[in-house]
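Dear colleague,

I am passing on the structure we spoke about, and below it you will find some notes on what turned up. Please have it open as you read.

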Amino acid sequence: MTQRFHCPDLFAFVAAIALTVPSLPIAQESYFIPSNAITPAPVVAGCPTFAPRIVMTGVTDAEFNEEKDILEANAMRPVSISAARDPETGVPLFDIIAVEDEFGEPLDWGMVAGLNRVSVNSTLTLLQVRPTSIDAYVSEDGQRLYAISWVNDGTNTEFSVGVTLDQLQQDNDTHTSMGLRPVWIDGFHNGENTRYSAIWVDDG
């Protein structure tokens, strides 16, 4: 079961809610962009923006780069990627929210799927960019992988990938004491193992 939360006011409260999610008898799927729901506003540094946007749902691995090309051609960038396995086929599917703003040029942003935890850390650290989403999912062969998106907007940021709840709380204490705020929390549960990813920004 994968859950993600945006613009949290009380980090510990939200993390505690995420921890209870695995106990719910619900099949693994994404609830961030329900097909019958009103399109949510995307997030930029964690807060809603009403710039022109599009939502791509049910994107497969094979279609992922094609959708990236479409965004580049339209000077749009992803602000959220939600990943989950199709409960019937086991195939990973992605829901992508993209926005048109001043950072929509191809060299200002990126998105990629199929990374392991080490690769997420090394990619974001090497590029020195702000991640806008870090979402865990299970591949067809049972591996825990991540889909990520980022923007090169100069915002001071910190992130954690695939950590325990205790480590997440420690990271939050460290980053909030330095003036950053959490804008993304992803809780992923697989079997008896729950791990979290989070993003903090200093946009004040």
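A nonpolar core is here a set of buried Ala, Val, Leu, Ile, Met, Phe, Trp, Tyr and Cys residues joined through side-chain atoms within 4.5 Å. Please keep in mind that this is a predicted model.

The largest nonpolar core has 17 residues, and those with the most contacts inside it are Val120, Leu124, Ile134, Tyr146, Ile148 and Ile199. At least two residues of this core come from each of helix H3 (117-127) and strands S8 (130-138), S9 (144-151), S10 (156-163), S11 (181-190) and S12 (193-202). If neighbours within four places in sequence are left aside, Val120 is in contact with Leu115, Ile134, Tyr146, Ile148 and Val161. A second, separate core of 16 residues includes Leu71, Ile81, Trp109 and Tyr137.

Strand S9 is mostly covered, with seven of its eight residues buried. S9 runs antiparallel to strand S7 (residues 109-115), to which five bridges join it, and Leu115 stands opposite Tyr146 of S9. S9 also pairs with S8 in the antiparallel sense, over eight bridges, and there Ser133 stands opposite Ser149. The hairpin of S8 and S9 has five residues between the strands, and in this hairpin Gly142 takes a positive phi near 90°.

Finally, the second largest pocket holds about 160 Å³ of space. It is lined by 13 residues, of which Leu124, Gln128, Val129, Arg130 and Thr157 are the closest to its centre. H3 and S10 are the elements that give two or more residues to this lining, and S10 gives the most, with three. By class, the lining has four nonpolar, six polar and three charged residues.

With best wishes

Technical notes:
Residues numbered from 1 in each chain as written. Predicted model: local features only at pLDDT ≥ 70, side-chain atom pairs only at ≥ 80, totals over all residues. Heavy atoms only, no water. Buried < 20%, exposed > 50% of the residue type's maximum accessible area, 1.4 Å probe, protein only. Helix = DSSP H or I, 4+ residues; strand = E, 2+ residues; numbered from the N terminus. Contact = heavy atoms within 4.5 Å. 1 Å grid on protein atoms, 1.4 Å probe; cavity = no way out; pocket = protein on both sides within 12 Å on 5 of 7 lines; lining within 4 Å. Points joined across faces, edges and corners; volume = space filled by probe spheres on them. Nonpolar A, V, L, I, M, F, W, Y, C, P; charged D, E, K, R; others polar. Pairing = 2+ DSSP bridges.
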